[in-house]
Amino acid sequence: MATAEHPRTPNGFNLVPPPGWDVIPLHTGTREAMDRIIRKAVAQLPVDFPKDDIPKARLKLNQEMKKVIRRASAKGGMTLYLPTERLHGFALPVSIVASEPIEIPRVRSDSGPEAVLAALASVTPGAVTRTLDDTAALRSEREVPADVAQGVDVAHRRVEYFVPVPDSAPDRYLTFSFSALIAPGTDPVFYDTLVELFDAVMGTFRWSYA
């Protein structure tokens, strides 16, 4: 699980979302990104969509986006990735959230991120090691059942990547979370395909040093 040596600590990362997705920054520029996405959605309405209903549709979309953004921000999100174009007429019920780096103390003074990843892997069912831009990362996947008491309104498939920031001091880690809402009766293969899509997106991950 050793993390490859890097010449210096990266100050960010790059991730390439699929075609038809948009990026929403959650610190600055959030409102501007929302407005751009809403304008795009309105422009994609069918030509026979009642003009009098456009303000209502715009308001509903604005409310739904605010809800998703609030949830992502509450979990420490710094960037939200959402599909904003329909795929074969179908709106994908998925999202990707890149969270703020968190600091985790070293297991021992002479240990590094590989020890933290190993410790997490030992208590995380199904966790596997992946390499992202020459950096060892931990990937986990699970189904989260609906539990209103815990704030989970709808069951969903969740996949997470836990990525140490190379040469950071103190040690910092990024988390990338993918969620796909599970509709009753939907073929599980559909969700497997969505997970494969997320894994492909994470395959585009690159550190930024600019």
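**View 1. Asp171 sits in the loop between strand 8 and strand 9 of the predicted model.** Helices (H or I, at least four residues) and strands (E, at least two) are DSSP runs, numbered from the N terminus. With a relative accessible area of 6%, Asp171 counts as buried, where buried stands for under 20% relative accessible area, exposed for over 50%, and partly exposed for values in between (1.4 Å probe, protein chains only). Leaving out residues up to four places away in sequence, Asp171 touches Ile102, Glu103, Ile104, Arg106 and Pro113, a contact being defined by heavy atoms within 4.5 Å. This is a predicted model, in which local features need pLDDT of at least 70 and side-chain atom pairs count only at pLDDT 80 or more, whereas totals for chains, interfaces and linings use all residues. Residues are numbered from 1 along each chain as its sequence is written, and side-chain values use heavy atoms, with hydrogens and water left out.

**View 2. The protein chain as a whole has four helices and 10 strands.** Read from the N terminus, the order of these elements is β-β-α-α-β-β-β-α-β-β-β-β-α-β. Along the principal axes, the C-alpha atoms fill a box of roughly 65 × 40 × 30 Å. Of the 210 residues in the protein chain, 38% are buried, and among contacts with a separation of 6 or more, 62% are between residues 24 or more positions apart. The accessible surface, calculated by the Shrake-Rupley method with a 1.4 Å probe, comes to about 12100 Å², and carbon and sulfur atoms account for 56% of that surface. There are 24 positive and 26 negative side chains, the centres of the two sets lying 6 Å apart; Lys and Arg count as positive and Asp and Glu as negative, while His and the chain ends are not counted, and each charge is placed at NZ of Lys, CZ of Arg, CG of Asp or CD of Glu.

**View 3. Phe13, Phe176 and Phe178 touch the most other members of the largest nonpolar core, which has 27 residues.** A nonpolar core is here a set of buried Ala, Val, Leu, Ile, Met, Phe, Trp, Tyr and Cys residues joined through side-chain atoms within 4.5 Å. At least two residues of this core come from each of strand 3 (77-83), strand 4 (94-99), strand 8 (156-164), strand 9 (172-181) and helix 4 (188-202), and helix 4 gives the most, with six residues. Apart from residues up to four places away in sequence, the contacts of Phe176 include Phe13, Leu15, Val97, Ala98, Val159, Tyr161, Phe198, Met202 and Phe205. A second, separate core of 12 residues includes Ile24, Ile37, Met65 and Val97. In soluble globular proteins, nonpolar side chains tend to be buried together.

**View 4. Arg31 and Asp35 form a salt bridge, with the closest N and O atoms 2.9 Å apart.** A salt bridge is taken as a side-chain nitrogen of Lys or Arg within 4 Å of a carboxyl oxygen of Asp or Glu, and by this rule the count comes to eight. Because Arg31 and Asp35 are four residues apart in helix 1 (residues 30-43), about one helical turn separates them. Arg31 is partly exposed at a relative accessible area of 36%, and Asp35 is likewise partly exposed at 30%.

**View 5. Arg139, Glu141, Glu143, Arg157, Asp192 and Asp199 are linked in a network of salt bridges.** Within this group, Glu143 pairs with Arg157, the closest N and O atoms lying 3.5 Å apart; since Glu143 belongs to strand 7 (residues 135-144) and Arg157 to strand 8, the pair ties together parts that are 14 residues apart in sequence. Glu143 is exposed at 54% relative accessibility, whereas Arg157 is buried at 7%. The side chain of Arg157 also meets that of Asp192 in a salt bridge of 3.2 Å, N to O, which links strand 8 with helix 4 across 35 residues of the chain. Asp192 is partly exposed, with a relative accessibility of 36%.

**View 6. Ser140 is found in strand 7.** Its relative accessible area is 17%, and Ser140 is therefore classed as buried. Neighbours within four places in sequence aside, Ser140 is in contact with Thr124, Ala127, Arg158, Val159 and Glu160.
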